[in-house]
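Welcome, and please open the model in your viewer with the selection panel ready. We will go from stop to stop, with a short note on what to select at each one.

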Amino acid sequence: GRLEAVTQQMGYHPQYLDSFLKTQHYLMHMDGPLPFDCRHYIAIMAAARHQCRYLVNLHVLQFLRAGGDPQWLRGLEFIPPKLRNLNEINKILAHRPWLITKEHIEKLLKISEWSWSLAELVHAVVLLAHCHALASFVFGCGCEQDEGLGGRGSLKPLSLGNQCFCEATAGNSCSQELLRINRKRSLDSCMELDSLRERMQRIHVETEGRDEMRLLQQDQEEGEGQGAEVGVQGGSSYGTPGWLSPFADTDGEVTGATNLACYMQDPDFGYQDFARRDEDQTQVFRVQDYSWEDHGFSLVNRLYSDIGHLLDEKFRMVDGLQSSAMAKRQGCEPSVFKRGIWNYIHCMFGIRYDDYDYAEVNQLLERILKVYIKTVTCYPEKTNSEMFDRFWKQFKHSEKVHVNLLILEARMQAELLYALQAITQYMI
């Protein structure tokens, strides 16, 4: 039940939540091209790009439960080259998806010991886009909590304790099969946690010994005479290595990873404005030439069976949600207001619609709302409570969540469009 905070927020729109849970479950737990442990590690890599501890901690635990090698949690240097090769496309998709080219795809698919199949790559790309976009939602709704700082004030989600994240939606169109599966998982997790705790304690003791020997050797070689500081009664003075998280504490709670940098390379690589007046522009992505409906859907559904239908349902579901109060404030129809937000997000990623007048964006969206949307979309880790306080007081919480759902889905579709177009170009 580690998705309680996300589920609580999405629960304001139960039909969407049902669609989201089905997609999440299919991506992570149903038959597919990728092994289950690799799926969770890819999710860790994606969430780490935005320093989203909430998602990293969730998937580290799920990775171990799926039988993943704990050594992989030491960082990218300790994972198979095939998985590590995904780092470049993860980095670009997360921050500047317009830079994805067929050459990136070809490099991953080229015949070698560590090559990807097309089906595996499509599964991985959908996972990356899903987790990047979900990180935006997590930060945008205040689910990413720093307990030391007291969370996000009024937006700090309430805890649902041990309640399964599907139980929160019982009676609200949540799939009964999914509900049954996750109830069983929540019951199993109590027994799994005991086993997991013993496993991690054993690994911790073994690794602690190796680390002490390595540090002693380094000190001796450097001749600095500081080796004595390593030996402390009861264990090492260096504490638990960050890669060992999550680690079960005395209350049975799972604490999170302390060092997310080990899961990514080139941490300074981030979002840059697509439209820079002082540079030659990357070619604008025109939806009329490559769209989700006419091109992306069929490709992804052919290479990763049924995921296209689930994604399409989710895109349509968020489009069908109502936001009457916000639209009324701007003096327009809800559909016009939502399209303004969606197209503004796509515009930040260089995606344009020939049939849309972009002057409407400035008319529909107040500057402070645009700042909020851009922050949550492009660098969600910089989102802070002040952004909520300055603008969001006028609206119902459900409408705040609705905007964040629009950000989630528009961003995910943008990343998928670039990646799937590059795959299409490679196949041609």
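Predicted model: local features only at pLDDT ≥ 70, side-chain atom pairs only at ≥ 80, totals over all residues.

Start by selecting Y358, which sits in the loop between β6 (351-352) and α14 (359-364). Residues are numbered from 1 along each chain as its sequence is written, and side-chain values use heavy atoms, with hydrogens and water left out.

Is Y358 buried or exposed? Its relative accessibility is 16%, so Y358 counts as buried. Buried means under 20% relative accessible area, exposed means over 50%, and partly exposed lies in between, using a 1.4 Å probe and protein chains only. Now show the surroundings of Y358: apart from neighbours within four places in sequence, it is in contact with N343, C347, I351, R352 and Y353. Contact means heavy atoms within 4.5 Å.

**Next stop: α13 and α17**

Select helix α13 (residues 334-348) together with helix α17 (residues 397-427); their axes come within 9 Å and cross at roughly 40°. Axes are lines fitted to C-alpha atoms, for helices over the stretch in contact, and angles run from 0 to 180 degrees between N-to-C directions. The two helices, α13 and α17, are therefore oblique to each other. Angles under 35 degrees count as roughly parallel, over 145 as roughly antiparallel, 65 to 115 as roughly perpendicular, and the rest as oblique. α13 passes α17 in a right-handed crossing. A crossing is right-handed if the near helix is turned clockwise from the far one by less than a right angle, and left-handed if anticlockwise.

To see the contact itself, show K338, I341, W342, I345 and H346 on α13, then H402, V403, L406, I407, E409, A410, R411, Q413 and A414 on α17. Coloured by class, the contact of α13 with α17 has 8 nonpolar, 3 polar and 3 charged residues. Here Ala, Val, Leu, Ile, Met, Phe, Trp, Tyr, Cys and Pro count as nonpolar, Asp, Glu, Lys and Arg as charged, and the others, Gly among them, as polar.

Helix α15 (residues 367-378) packs with α17 at an angle of about 45°, their axes 10 Å apart. That makes α15 oblique to α17, and the crossing of α15 and α17 is right-handed. Show Y372, I373, V376 and T377 of α15 with V403, N404, I407 and R411 of α17 to display this contact. The residues of the contact of α15 with α17 divide into 5 nonpolar, 2 polar and 1 charged.

**On to α10**

Which helix holds H295? Select α10, and you will find H295 there. At 29% relative accessibility, H295 counts as partly exposed. Leaving aside neighbours within four places in sequence, H295 is in contact with D289 and Y290. T424 is 129 residues from H295 in sequence, yet their C-alpha atoms are 8.9 Å apart.

Move along to D306, in the loop between α10 (292-303) and α11 (307-320). D306 is not a glycine, but its phi is positive, about 75°. Its relative accessible area is 39%, so D306 is partly exposed.

**Back to α3 and α4**

Select helix α3 (residues 36-48) and helix α4 (residues 53-65), which pack at about 165° with axes 9 Å apart. α3 and α4 are therefore roughly antiparallel, and α3 passes α4 in a left-handed crossing. In the loop between α3 and α4, pick out Q51, another non-glycine residue with a positive phi, near 55°.

**Last stop: α2 and the whole protein**

In helix α2 (residues 14-29), 12 of the 16 residues are buried, so α2 is largely enclosed by the rest of the structure. Among those buried are Y16, F20 and M28. Finally, zoom out: the protein has 17 helices and 6 strands, and buried residues make up 53% of its 428 residues.

Note on methods: Helix = DSSP H or I, 4+ residues; strand = E, 2+ residues; numbered from the N terminus.
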